[in-house]
Amino acid sequence: MRYSQKGMATDPNKNAAEPDILQRFVYLPLIAGWLVPGAGHFLLRKWGRGALLAASILGMFTLGLLMQGKLYGGAQDILDMLGLAGDLGNGLLYLVSRALGLGVDQVQVTTADYGTRFIVVAGLLNVIAAVDAHNLRTGRKS
Amino acid sequence: MFRPSHFAAVVLFALFASVVFGITQRDTPRRMLRYGIYCFVLFVASAVVLSWVMFLIAR
């Protein structure tokens with residue numbers, strides 16, 4: 001039986017046109033994807049996937065804020081801690097929103113409770129997207 | 001301020017989450033689309049079924 005060596009032990013995402021820093025620093029798409037939704041995929045020239053991921057995560061985060069969702073600022077109990085961990089998944093979106101004073105401190109209406117969940121889940125989805133960009137970079141996924 | 005109904009919030013949540021799940025959990029565009037639709041239907045259907053269950057329990 002003959003085996004073709006084409007494509008074996010090669011990273012399909014690596015090519016000569018990749019920027020030098022991207023070839024040297026394997027975690028760049030992961031970190032960029034965490035800081036800015038979709039940026040990890042954009043770095044790897046996955047424009048369509050990156051745009052859809054960015055639109056979904058930005059949309060969810062924005063709708064959460066528009067619903068007057070809460071941005072967790074500290075961790076008084078375990079639920080706050082989990083909420084803060086989810087919010088931090090949004091990367092720069094969370095930091096900039098906190099700096100601008102967006103989001104409410106106390107949830108007072110039902111839609112604000114939905115909004116709080118939207119913001120947390122947007123962060124968790126962003127972490128999944130960033131890990132996906134890392135998998136694309138390492139060749140674990142094509 | 002944006003004030004969606006509970007069902008509208010469920011549909012929006014399902015839409016955004018399904019897009020991310022579809023793209024990140026499958027390899028080819030066709031399989032991404034199919035998995036995204038599958039997740040969306042499961043999200044919405046399970047919310048509807050659980051709502052009816054809670055409605056019947058509360059009666």
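What pLDDT does chain B average, and what percentage of the residues score at least 70?

## Model and confidence

The structure is a predicted model. For chain B, the average pLDDT is 96, and 100% of the residues score at least 70. The scores for the model are an ipTM of 0.92 and a pTM of 0.87.

## Chain A

Chain A contains seven helices and zero strands, and its pattern along the sequence reads α-α-α-α-α-α-α. Of its 142 residues, 43% are buried. Among the contacts in chain A with a separation of 6 or more, 71% come from residues 24 or more positions apart.

Helix 7 of chain A comprises 29 residues, which at 1.5 Å a residue should span 42 Å; the end C-alpha atoms of this helix are 43 Å apart, in agreement with that value. After helix 7 of chain A comes Gly139(A), which has a positive phi, near 90°.

## Chain B

Chain B has two helices and zero strands. Its radius of gyration is 14 Å, whereas the globule rule gives 10 Å for 59 residues; the value is well over that of the rule, so chain B is more spread out than a compact globule. The C-alpha trace of chain B spans about 45 × 30 × 10 Å along its principal axes. Buried residues account for 20% of the 59 residues of chain B.

Helix 1 of chain B covers residues 6-25; its 20 residues should span 28 Å at 1.5 Å a residue, and the distance of 27 Å between its end C-alpha atoms agrees. The buried residues of this helix include Phe13(B), Phe16(B), Ala17(B) and the stretch that contains Val19(B), Val20(B) and Phe21(B). The cover over the buried residues of helix 1 of chain B includes helix 4 (47-66) and helix 7 (110-138) of chain A, as well as helix 2 (29-58) of chain B.

## Contact between the chains

The contact involves 20 residues from chain A and 14 residues from chain B. On the side of chain B that touches chain A, 11 residues are nonpolar, one is polar and two are charged.

## The nonpolar core

Which residues have the most contacts inside the largest nonpolar core? They are Met60(A), Phe118(A), Ala122(A), Leu125(A) and Val20(B), in a core of 39 residues. Two or more residues of this core come from each of helix 2 (28-35), helix 3 (39-43), helix 4, helix 6 (92-99) and helix 7 of chain A, and from helix 1 of chain B. The most is given by helix 7 of chain A, with 11 residues.

Apart from residues up to four places away in sequence, Ala122(A) touches Ile57(A), Met60(A), Phe61(A), Gly64(A) and Asn90(A). One of these, Met60(A), is itself listed with Ala122(A) among the core residues that have the most contacts.

## Ser56(A)

Ser56(A) lies in helix 4 of chain A. Is Ser56(A) buried or exposed? Ser56(A) has 25 C-beta neighbours inside 10 Å, and the threshold for a buried residue is 20 or more; Ser56(A) therefore counts as buried.

Leaving out neighbours within four places in sequence, the contacts of Ser56(A) are Leu125(A) together with Phe16(B), Val19(B) and Val20(B) of chain B.

Methods. Residues numbered from 1 in each chain as written. Chains lettered and ligands numbered in written order. Predicted model: local features only at pLDDT ≥ 70, side-chain atom pairs only at ≥ 80, totals over all residues. pLDDT = per-residue confidence, 0-100. Contact = placed C-beta atoms within 7 Å. Nonpolar A, V, L, I, M, F, W, Y, C, P; charged D, E, K, R; others polar. Helix = DSSP H or I, 4+ residues; strand = E, 2+ residues; numbered from the N terminus. Buried ≥ 20, exposed ≤ 12 C-beta atoms within 10 Å, placed from the backbone. Expected span 1.5 Å × (residues − 1). Core = buried A, V, L, I, M, F, W, Y, C linked by C-beta atoms within 7 Å. Rg over C-alpha atoms; globule rule 2.2 N^0.38 Å.
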